[in-house]
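Here is a short briefing to read with the model open beside you. Take your time and find each residue as you go.

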Amino acid sequence: MTDAWWAPYLFIALAGWIATDIWRWLGVVAGNKLKEESEALHWVRAVATALVMAVTAKLIVFPTGALSHSPMELRIAAAVIGFIAFLASGQRVIVGVIVPIAVLASGLLILGL
């Protein structure tokens, strides 16, 4: 083993890349063989959506960093208003990202936080 300061970072980067890249390639290979309307692909989409929503809910209910100083009501309101704007805009993702950020930032400015 080397005493270079960068060696642990290189090891972490390589180990992380190898561990995740294998699954990405297996996903590409398996995904190319699935039909668009297959039951397996519906399941994969459902699991992916559930994971994204779980992380989002965790960030709203148990935030870290600067977000932890904001009131939960403001975080929930930003998420709800952002979702409504997302649906009203024809499900445009950029609207679903910008609107809740603007609501949260405005609320923090108004509250002086």
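The backbone oxygen of Leu-67 lies 2.7 Å from a polar atom of the side chain of Ser-70. That is a polar contact (a pair of N or O atoms within 3.5 Å; within protein, one must be able to donate a hydrogen and the other to accept it, and residues adjacent in sequence count only if both atoms are side-chain atoms). This is a predicted model, where local features need pLDDT of at least 70 and side-chain atom pairs count only at pLDDT 80 or more, while totals for chains, interfaces and linings use all residues. Residues are numbered from 1 along each chain as its sequence is written, and side-chain values use heavy atoms, leaving out hydrogens and water.

**Around Ser-70**

- Look for Ser-70 in the loop between helix 2 (39-61) and helix 3 (72-88); helices here are DSSP runs (H or I, at least four residues), numbered from the N terminus.
- Ser-70 has a relative accessible area of 4%, so it counts as buried (under 20% relative accessible area, whereas exposed is over 50% and partly exposed is in between, with a 1.4 Å probe and protein chains only).
- Leaving aside neighbours within four places in sequence, Ser-70 is in contact with Arg-75, Leu-108 and Leu-113, where contact means heavy atoms within 4.5 Å.

- Not counting residues up to four places away in sequence, Arg-75 touches several others, including Leu-59, Pro-63, Leu-67 and Leu-104.
- Arg-75 and Val-103 are 28 residues apart in sequence, yet their C-alpha atoms are 8.8 Å apart in space.

**Helix 4 and its two sides**

- Val-95, Pro-100, Leu-104 and Gly-107 are buried in helix 4. They cover an arc of only 150 degrees around the axis (taken from the directions from the helix axis to the C-beta atoms), which puts them on the same side of helix 4.
- The buried residues of helix 4 pack against helix 3, while Ile-101 and Leu-109 are exposed on the other side of helix 4.
- Ile-110, also found in helix 4, is exposed, with a relative accessible area of 72%.
- Gly-112 follows helix 4 and has a positive phi, near 75 degrees.

- Gln-91 sits in the loop between helix 3 and helix 4.
- Gln-91 has a positive phi of about 65 degrees although it is not a glycine.
- Gln-91 is exposed, with a relative accessible area of 51%.
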